[in-house]
Amino acid sequence: MSVAATGIARVLSIAGTDPTGGAGIQADLKSIAATGGYGMAVVTALVAQNTHGVRSVHVPPVAFLAEQLHAVSDDVRIDAVKIGMLADVHVTRTVRDWLTQVNPPIVVLDPVMVATSGDRLLTQDAEQALRELLQQVHLVTPNVPELAILAGAPVATTWAEVLRQAQQVAGEHGVLVLAKGGHLAGSLVPDALVDAYTVREFPGMRIDTPNTHGTGCSFSSAVATRVAARTSTGAPSLADWADAIAEAKLWLTESITHADDLAVGSGHGPIHHFAGLWQRGGVSTRPTPARVAERWWEEIRDIRTATDDLPFVRGLGDGSLPREAFVWYLAQDALYLSEYSRMLALASRLAPSAAEQTFWAASAQGAIDTELELHTSWIADGVLAGVLPSGTTTAYLNHLVAAGAGGDYPVLIAALLPCFWMYQDVGTRLHPLSHDAHPYRSWLDTYADEAFAAATDRAIKIVTTVAAAADEPTRDRMARAFRASAGHEREFFAAPLRG
Ligand SMILES: Nc1ncnc2c1ncn2[C@@H]1O[C@H](COP(=O)(O)OP(=O)(O)O)[C@@H](O)[C@H]1O
Ligand SMILES: Cc1ncc(COP(=O)(O)OP(=O)(O)O)c(N)n1
């Protein structure tokens, strides 16, 4: 499957390790993930290092390196390769042979030679092998000292000199060069995409921090990921490379800006690869609709238990409820339902899809038709005309009207849900107590009705699906509106016998 199909580039890092996670393959995987790719990793060398420097290097047999490389390429379509530490000439040649066989569409080489700490990560006799590897590479990303070695020139001290050396390397090896100015003195940290004829600059201001360990690894991985993401077929154009570098540099700058937020090590710490992502996306996982339903229902357990224990509910079940109390309740319910149906109609108006719009509209009609029919059969003509809403009824309706006032669909439907759910729940449990001679049989039959159960299921599904997809603050507001309505439901059942 192509990148175009998934939007996610499969990027392989071939590099050494950093057990503190700031540089090398660990930094590569974080950078690939942070910039939207799927990261894979083949280890060239195991490096005992921390934020102060390198202690020792262990290079596993190259036959095993080749096995790792082929294990990946035999199975996975690789959209881009990022190469970092190559350690020695044997590793460099093994990687070159694999590149020749597999011919990945995008190859970015960070020619890691000497860490900023001054420790060598490539033996000197491998420098020529690295130059030869450039034939298989599309973009090479040297820092100032590495560029000098590739160019066979003294280390540049000015940006103009850096650009000259980069153009020389690009011309000699037919490769694009991303020249980096991080090692130059001064407040500016320019980078440039250079080919034999052109230079595109990416200006930058130096961020005042000691925590820049692994910037080169991270930058090259991000560029490889972004260029693969924008190149679904064929080779990337120069413009694709330039756009990818601009995107990667924006991300890198943000990650360096927040490097000091981390407290990793006492030397030169890592950059904060996920600073922007965490800030904008948060770290919480979205719940499923079923989980939302489970949690909300559990969160009103106290209200449900208190409702079941109300004398009104017990009296409804065993038929001992005085008739006047029941009629008073029905009159209040009739007043409530006429306004509740308007709020259901408002939910229908605000609904984002035809399916939800239809559901709420049908529920609005159902609230008037079915419910009022039931009330008419219990309440004598004209009785309702003189009844005013009680304080409890008014409080519940005010809550619903407030929930819908701002046109906030998620909050409104969360507030509407307990009237379905709690009624259905109470009705289902009272229904078995119904019998032919039960004084409140028709009421009990209505709320244990299958059609009402189906409507309740659908309402739960709609509301919890909206909640699951919402951001955290919205989900919290929905949960609060739901619980508040549940509390009003309990009060509504309590009011007739409160006296
Ligand atoms: N202090 C800093 N502030 C802003 N950008 C930086 C800083 N240090 C490095 N960079 C950027 O990080 C990238 C890699 O930096 P550089 O130090 O040149 O390479 P390397 O990490 O390979 O030695 C470059 O884009 C450079 O501009
Ligand atoms: C295993 C490994 N690879 C590369 C480096 C050097 O990383 P780089 O991004 O060039 O960062 P600094 O040298 O600036 O830390 C490394 N240390 N380890």
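I began with Asp191, which counts as buried at 5% relative accessibility. My cut-offs here are: buried is under 20% relative accessible area, exposed is over 50%, and partly exposed is in between, with a 1.4 Å probe and protein chains only.

**Ground rules**

This is a predicted model, where local features need pLDDT of at least 70, side-chain atom pairs count only at pLDDT 80 or more, and totals for chains, interfaces and linings use all residues. Residues are numbered from 1 along each chain as its sequence is written, chains are lettered from A and ligands numbered from 1 in the order written, and side-chain values use heavy atoms, with hydrogens and water left out.

I checked confidence next. The protein has a mean pLDDT of 94 (the predictor's confidence in each residue, from 0 to 100). Of its residues, 97% reach 70 or more. For the complex, the predictor gives an ipTM of 0.98 and a pTM of 0.75.

**Asp191 and its partner**

Which side chain meets Asp191 in a salt bridge? I found Lys249, at 2.6 Å from N to O. A salt bridge here is a side-chain nitrogen of Lys or Arg within 4 Å of a carboxyl oxygen of Asp or Glu. Lys249 sits in helix H9 (residues 238-257) and Asp191 in strand S9 (residues 191-194), so their pairing ties together parts 58 residues apart in sequence. Helices (H or I, at least four residues) and strands (E, at least two) are DSSP runs, numbered from the N terminus. Is Lys249 buried or exposed? Lys249 counts as buried, at 11% relative accessibility.

**Ligand 1**

Both residues of that pair turn up again at ligand 1. Asp191 is among the residues that come nearest to ligand 1, along with Lys180, His183, Ile207 and Thr215. In total I count 16 residues around ligand 1, where near means that a heavy atom of the residue lies within 4 Å.

Then I looked for polar contacts. These are pairs of N or O atoms within 3.5 Å; within protein, one must be able to donate a hydrogen and the other to accept it, and residues adjacent in sequence count only if both atoms are side-chain atoms. A backbone N or O atom of Ile207 is 2.8 Å from a nitrogen atom of ligand 1. Lys180 puts a polar side-chain atom 2.9 Å from an oxygen atom of ligand 1. The side chain of Lys249 has an N or O atom 3.3 Å from an oxygen atom of ligand 1. Alone, ligand 1 exposes 540 Å², and the protein buries 92% of that. Accessible areas come from the Shrake-Rupley method with a 1.4 Å probe; for residues, only the protein chains shown count as cover.

**Ligand 2**

Ligand 2 also has 16 residues around it, and Gln49, Thr116, His213, Gly216 and Cys217 come nearest. How far is the side chain of Gln49 from a nitrogen atom of ligand 2, and what is the distance in Å? I noted 2.8 Å, to an N or O atom of that side chain. His213 has a polar side-chain atom 2.8 Å from an oxygen atom of ligand 2. Gly214 uses a polar backbone atom, 3.1 Å from an oxygen atom of ligand 2. On its own, ligand 2 has 430 Å² of accessible area, and the protein covers 93% of it.

The structure holds 22 salt bridges. I picked out a few. Arg291 and Glu294 meet at 3.3 Å, N to O. They are 3 residues apart in helix H11 (residues 289-299), so about one helical turn separates them. An α-helix has 3.6 residues a turn, so residues three or four places apart point the same way. Arg291 is partly exposed at 34%, and Glu294 is exposed at 51%. Asp97 and Arg96 also pair, at 3.6 Å, N to O. Finally, salt bridges link Arg226, Arg230, Asp243 and Glu247 in a network.

**Nonpolar places**

What do Leu277, Trp278 and Val283 form on the surface? They make a nonpolar patch with about 330 Å² of accessible area together. Patch residues have over 30% relative accessible area and no salt bridge; like charges are joined within 9 Å, nonpolar side chains (Val, Leu, Ile, Met, Phe, Trp, Tyr) within 5 Å. Leu277 lies in helix H10 (residues 275-281) and is partly exposed at 45%.

Last stop: helix H13 (residues 311-318). Its buried residues are Phe312, Val313, Gly315, Leu316 and Gly317. Gly319 follows H13, with a positive phi near 80°.
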